[in-house]
Amino acid sequence: MKWAMVGIIVAATTVGEVLQAKGMRHHGEIRFRSGKLGRVLAVLARNRYVIASVVAMAVSFFAYLALLTVSELSFAVPVTAVTCVFETVLAKYVLQEQVSWVRWAGAALVICGVALVSL
């Protein structure tokens with residue numbers, strides 16, 4: 001049961017983060033000015049990528065709560081860090097970002113850490 005929750009969390013968080021990045025790139029830079037925050041929020045509330053991101057992150061949040069009912073926090077936090085690896089891969093191939101070897105090395109270290117914690 002806990003590994004199913006981990007899978008849901010990892011998938012939902014990864015998809016949510018990528019959609020959030022795509023949505024914000026679609027929207028453009030946000031400049032915080034007094035009196036303009038409501039307008040920015042209204043525009044973002046109509047951005048389909050941002051909406052889908054919020055839904056995915058909500059799924060991740062509730063799955064994380066479920067995971068905490070069946071496992072320890074010292075397991076849940078490190079093992080869900082594997083999302084960093086998937087996000088790095090999707091950033092490279094879906095968002096067309098340049099990913100340096102240092103970031104790939106960091107992703108590899110995350111995999112090692114997750115493997116240690118999951119034993």
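Among contacts in the protein chain between residues at least 6 apart in sequence, what percentage join residues at least 24 apart? The share is 72%, where a contact means heavy atoms within 4.5 Å.

This is a predicted model, in which local features need pLDDT of at least 70 and side-chain atom pairs count only at pLDDT 80 or more, while totals for chains, interfaces and linings use all residues. Residues are numbered from 1 along each chain as its sequence is written, and side-chain values use heavy atoms, with hydrogens and water left out.

The protein chain holds 6 helices and 0 strands, helices being DSSP runs of H or I with at least four residues and strands runs of E with at least two, numbered from the N terminus. Read from that terminus, the order is α-α-α-α-α-α.

| Property of the protein chain | Value |
|---|---|
| Accessible surface (Shrake-Rupley, 1.4 Å probe) | about 7700 Å² |
| Buried share of the 119 residues | 29% |

Carbon and sulfur atoms account for 68% of the accessible surface.

Helix α1 covers residues 2-27, and because its 26 residues at 1.5 Å a residue should span 38 Å, the 37 Å between its end C-alpha atoms agrees with expectation; the expected span is 1.5 Å times one less than the number of residues. Buried residues (under 20% relative accessible area, 1.4 Å probe, protein chains only) in α1 include Met-5, Val-6, Ile-9, Val-10 and Gly-23. Their cover includes α3 (48-70), α4 (73-79) and α5 (83-93).

How values were computed
Buried means under 20% relative accessible area, exposed over 50%, partly exposed in between (1.4 Å probe, protein chains only).
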